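Colleague: Could you take me through one part of this model slowly? I'd like to see how the pieces sit together.

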Amino acid sequence: MPDHELHESLRGGQMWSRVLRRGQVLTLTDVEGGATPAALFYNASQPLERYNFADTLKAQHTAMLTRGHVLYSDMGRVLCSIIEDSAGWHDTITGHMTRAASLAKFGAGSFQKLRNEQHRDTRSNFLIELGKHGLGKRDIVPNVNFFAKITPDENGQLSWQAAREAGRRVSLRAEMDVLIVLSNTPHPLDPSAHYAPTPLALSIHQGPLTVPLDDLCRTSCAQNGRGFQLTEQLNLGVS
Amino acid sequence: MTPSYREVVDSGLGYSHLVKRGEVVRIVDLEGNQAVDTLFYNAHDPSERYSASDTIVRQQNLYLTTGTQLISSEGNVLLTIIADTCGRHDTLGGACAAESNQVRYALDKRHMHSCRDSFLLELALHQPHMSKRDITSNINFFMNVPVTPEGGLKFDDGISGPGRYVELRAEMDVLILISNCPQLNNPCNAYNPTPIEVLVFPAPAPEN
């Protein structure tokens with residue numbers, strides 16, 4: 001395996017974080033079907049700039065994420081672009097479970113009883129992984145839930161859509177140096193009361209630093225053209 | 001019932017106020033279709049704050065109205081909406097900011113006043129222990145942001161009108177942070193930001 005490509009896998013329940021350098025591409029694969037990894041994103045050099053789900057949705061007039069969309073920070077810049085996607089719908093509205101919610105849904109699942117098969121919850125995982133970067137509770141915002149599809153009816157009532165084919169993939173290109181935090185834990189609206197999150201495969205490779213003018217994500221709407229301009233002003237002249 | 005407190009918040013201003021458990025807050029859209037960007041915090045520990053996603057998940061519905069419990073980041077109920085003469089409020093659209101206005105409208109919009117600026121100034125002046133880290137995704141009272149079953153998001157004309165209001169009962173001591181939205185790029189308020197009024201009613205006397 002070439003050393004310019006990184007491969008990792010996350011067990012069900014596991015968390016992970018890493019700074020994805022500008023131009024690097026992270027591909028997530030839902031190995032068995034059913035993984036719904038929760039994700040947070042920060043500007044790695046200034047984490048006070050972080051993912052903003054509302055700005056992401058309203059800039060692109062969408063309530064879900066797929067290929068051609070980008071993830072906006074709260075400073076009008078693009079953290080990551082979704083450059084490939086075989087799932088077609090990723091959620092960023094329904095957040096993540098707290099420890100209390102996980103206990104109520106799945107029962108104790110303690111370390112004392114289950115050792116490293118313990119039931120991990122998303123918020124605790126976020127706090128552990130964010131803590132490694134000097135971040136904490138005040139830095140947690142509504143997250144992305146990859147591979148989760150939740151649809152509203154005309155009255156706003158939400159329904160969980162169980163699309164469970166194995167091997168679904170999504171690829172994210174970092175548009176600046178981005179701290180990404182993942183928790184491969186159950187989604188809050190997954191109706192299953194059995195704690196059984198499934199594995200997630202990760203791969204990372206280095207792509208080009210510059211994003212062409214005809215790039216799909218840059219051109220998918222006029223707003224994104226401006227978002228890329230503002231992002232590139234961070235990197236003045238460096239290409 | 002006579003309010004124990006009332007204050008008109010003019011268009012474009014930030015505002016913060018402590019409300020005690022059991023008190024009822026009424027926010028009045030005085031002239032109609034004014035977006036009231038609002039955040040709530042546990043008054044004793046503002047790291048516990050309003051969570052748009054937990055609020056949506058708890059009721060499995062995107063829109064806020066009578067009966068909605070506003071849920072904190074720790075899964076606790078901050079306030080409950082107990083009356084609503086508008087019918088629907090948004091918590092997906094977030095707050096406008098100088099930088100997001102540049103993305104949404106044009107790069108030369110950066111000078112325009114925004115909700116995030118009002119939030120930041122209000123915190124700096126009156127809540128000095130809080131900062132941008134505490135500004136999370138908010139509620140937009142009186143805003144109509146419908147989502148389609150196909151996953152589209154629209155900013156529709158408002159469904160509010162002059163004098164419509166929402167009432168919330170505080171389930172713990174809460175800090176309210178408001179930006180009375182100054183947005184001039186969006187037809188939702190007819191390009192005319194207007195004042196709102198905040199009233200607080202005392203908690204009912206405990207029964208013997």
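Modeller: Let's start with an open sheet of four strands in chain A, ordered β2-β11-β4-β7 with antiparallel pairing. Strands here are DSSP E runs of at least two residues, helices are H or I runs of at least four, and both are numbered from the N terminus. Two strands pair if DSSP finds at least two bridges between them. This is a predicted model, where local features need pLDDT of at least 70 and side-chain atom pairs count only at pLDDT 80 or more, while totals for chains, interfaces and linings use all residues. Residues are numbered from 1 along each chain as its sequence is written, and chains are lettered from A and ligands numbered from 1 in the order in which they are written.

Now the edges: β2 (15-20) and β7 (144-145) of chain A each pair on one side only. β2(A) joins β11 (178-183) of chain A through six bridges, in the antiparallel sense. Look for A:Leu20, which sits opposite A:Val178 of β11(A). Then there's helix α4 (122-131) of chain A, which packs on the sheet and touches β2, β4 (38-43) and β11 of chain A. Its direction makes about 145° with that of β11(A); such angles run from 0 to 180 degrees between N-to-C directions, with axes fitted as lines to C-alpha atoms, for helices over the stretch in contact. Contact means that two residues' C-beta atoms, placed from the backbone, lie within 7 Å.

And the other chain? In chain B, 34 residues are in contact with 42 residues of chain A. On that side of chain B, α1 (52-59) and α2 (98-104) are the elements giving two or more residues.
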